[in-house]
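Please work through the exercises below with the structure open. Try each task before reading its solution.

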Amino acid sequence: MIRTLQERGVHQGIDVFMECTVVGLLKDGDRVGGAIAYWRETGRFVIFRAKAVVLATGGYGKAWKVTSNSWEYTGDGHALAYEAGAELIDMEFFQFHPTGMIWPPGVMGILITEAVRGEGGVLTNSKGERFMWKYLPDNKRKEFAETPEESQKWVDMVVAGKQTDARRPPELSTRDNVARAIYTEVKEGRGTPHGGVWLDISFQDSDRVKKKLPSMYHQFKDLADVDITKQPMEVGPTAHYAMGGIRADPDSGASTVPGLFAAGECTGGMHGANRLGGNSLSDLVVFGRRAGMGAADFAKQNAQWPSVNEDEIQNHVHRAIAPFERSGEDPYAVHSALQDVMGKYVGIFRNERDLEEGLRQLLSVRQRIENTHVEGSVLFNPGWHLARDLENLAVCAEATCRAALLRKESRGAHSRTDFPKEDAKLAKVNMSVKKSQEGMAVSATPCPQMPDELRKLFE
Ligand SMILES: Cc1cc2nc3c(=O)[nH]c(=O)nc-3n(C[C@H](O)[C@H](O)[C@H](O)COP(=O)(O)OP(=O)(O)OC[C@H]3O[C@@H](n4cnc5c(N)ncnc54)[C@H](O)[C@@H]3O)c2cc1C
């Protein structure tokens, strides 16, 4: 998708700035009027003047150690928007995908597609028990097969493209539920040697496995020396997708700051408390287009170029190069500390005591981030880049923790052991995060009303 879009864009005369990282949004009064960035290769700064800016920077899974996300997922857009005065919503909802690789350590977190379970993959614990039946929510139990035979019949019929009265296997419960089940099995001492559970598809026809899951076959063969047609995979939950992000108008992508628009995973509200598999890419296509059109309309209606403030630019430059000038810790060590806090206190299961402790530790990690020191020069220097990324991750981590504290219920991907049920009143609010003079402010704001034309679709 990225390549096709980029080729199409280049063909239409759009300039693409590869390897160029935005470190700040420029403001003209209340309005966003551009961005300041640096070239990753040379470290040189570049100013973009713009009548409107669209953020599409993805998620922030790098706040956790075990994650399916790449190094770029550091919540830059979330933090840039927050710093510019925009509202973030739903930050407490972060999805953990149930199946990531857990061994060897170098590949920990890499995603194992849901298709493995769709093709009949079975989850078992160290005692060989197929545990997912235990974890099906009572109100959904009837939708799932009751026996291994019924599960297998469903797989065989679906593979053959035939209709069936068999129900789907329990392994195909929602992501949040399967992730919690695996976590619980491991915590209660029924985990595999490396702290996961087994995902086994080796009992299915091996040619079909290789044909239907070629990337999984090669991923395990090349990275873990495991032949999935003969052996089970060792799997565990991995931080995967941010449901929370910039509050954006669904029709135009407009944020709460004039001139600033957003689309994709850096926005909040689109997927509620729990995104369904596959829905991110369709979200991007629809709401990316709307944000582009919204920004273009805004630029036409506000045709005067915003002015550029030299002091603001200098502040951004000083902030960016500060890690060379101060004495402090190595950014990699501080990143690891932040991830440890998020994994321990703001993970799959949460409670008030852990979240309070997590917040306390995050605030002290934040001070360490403000002091990180890097060696070398601005010429392609990943340590320097990470020092700036950490500031963004710190905003996202703190916002997640504060919003999770405020949502005293369990809903979708947000599981509070001290409030294990949904609270109907909280279904009607978004937790909203904003920068204030006193620091980060979190409050419950009413969910927008569904427009009548959409409501009709549900009647
Ligand atoms: C392993 C994996 C598998 C997935 N599989 C599926 C799937 O099958 N179906 C599905 O629907 N979803 C899937 N998802 C989710 C989906 O891929 C993402 O939600 C989606 O790609 C997000 O798109 P985006 O355009 O918002 O951000 P991204 O695709 O993450 O793009 C963000 C871009 O912004 C750039 N950027 C970030 N910060 C800055 C900055 N400061 N300055 C300049 N540029 C910056 C990044 O370099 C990147 O190019 C998967 C996710 C992962 C991690």
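The exercises go from the overall build to single residues.

This is a predicted model: local features need pLDDT of at least 70, side-chain atom pairs count only at pLDDT 80 or more, and totals for chains, interfaces and linings use all residues. Residues are numbered from 1 along each chain as its sequence is written.

**Exercise 1. Overall build**

Task: State how many helices and strands the protein has, and judge how compact it is for 459 residues.

Solution: 
- Step 1. Count the elements. The protein has 13 helices and 16 strands. Helices (H or I, at least four residues) and strands (E, at least two) are DSSP runs, numbered from the N terminus.
- Step 2. Compare the radius of gyration with the globule rule. The radius is taken over C-alpha atoms, and the rule is 2.2 Å times the number of residues to the power 0.38. The protein has 23 Å, close to the 23 Å that the rule gives for 459 residues, so it is as compact as a globular protein of that length.
- Step 3. Look at the box. Along the principal axes, the C-alpha atoms fill roughly 70 × 55 × 50 Å.
- Step 4. Check burial. A residue is buried if 20 or more other C-beta atoms lie within 10 Å of its own, exposed if 12 or fewer, and partly exposed in between; C-beta atoms are placed from the backbone. Buried residues make up 43% of the 459.
- Step 5. Check contacts. Two residues are in contact if their C-beta atoms, placed from the backbone, lie within 7 Å. Among contacts with a separation of 6 or more, 69% join residues 24 or more positions apart.

**Exercise 2. Domains and core**

Task: Find the domains of the protein and name the residues with the most contacts inside the largest nonpolar core.

Solution: 
- Step 1. Domain 1 is 2-93 + 243-446, and domain 2 is 96-240. These bounds come from an automatic or database domain assignment.
- Step 2. Domain 1 gives 13 residues to the contact and domain 2 gives 17.
- Step 3. Find the core. A nonpolar core is a set of buried Ala, Val, Leu, Ile, Met, Phe, Trp, Tyr and Cys residues joined through C-beta atoms within 7 Å. The largest has 103 residues, and Val53, Ala81, Leu260, Phe261, Ala262, Leu338 and Ala397 have the most contacts inside it.
- Step 4. Trace its sources. Helix 12 (residues 382-406) gives the largest share of this core, 14 residues.
- Step 5. Zoom in on phenylalanine 261. Beyond four places in sequence, its contacts include Ala52, Val53, Val54, Ala291 and Ala295.

**Exercise 3. The ligand shell**

Task: Which residues come nearest to the ligand, and which element gives the largest share of the shell?

Solution: 
- Step 1. Set the cut-off. A residue is near a molecule if its C-beta atom, placed from the backbone, lies within 6 Å of it.
- Step 2. List the nearest. Of the 19 residues around the ligand, these are Thr57, Gly58, Asp76, Gly264 and Ser280.
- Step 3. Assign elements. Strand 1 (20-28) and helix 8 (279-301) each give two or more residues to the shell. Helix 8 has the largest share, four residues.

**Exercise 4. Backbone angles and strand 9**

Task: Is aspartate 90 buried or exposed? Do likewise for aspartate 225, then examine strand 9 (233-242).

Solution: 
- Step 1. Take aspartate 90. Its phi is positive, about 60°, although it is not a glycine. With 29 C-beta neighbours inside 10 Å, aspartate 90 counts as buried.
- Step 2. Take aspartate 225. Its phi is about 55°, also positive. It sits in the loop between helix 7 (214-224) and strand 9. With 9 C-beta neighbours inside 10 Å, aspartate 225 counts as exposed.
- Step 3. Find the cis bond. The peptide bond from tryptophan 103 to proline 104 is cis, with omega near 0°.
- Step 4. Go to methionine 233 in strand 9. Methionine 233 is buried, with 25 C-beta neighbours inside 10 Å. Beyond four places in sequence, its contacts are Ile112, Leu199, Phe220, Val226 and Ile228.
- Step 5. Move to glycine 236, also in strand 9. Glycine 236 has 27 other C-beta atoms within 10 Å and is buried. Valine 178 is 58 residues from glycine 236 in sequence and 9.9 Å in space, C-alpha to C-alpha.
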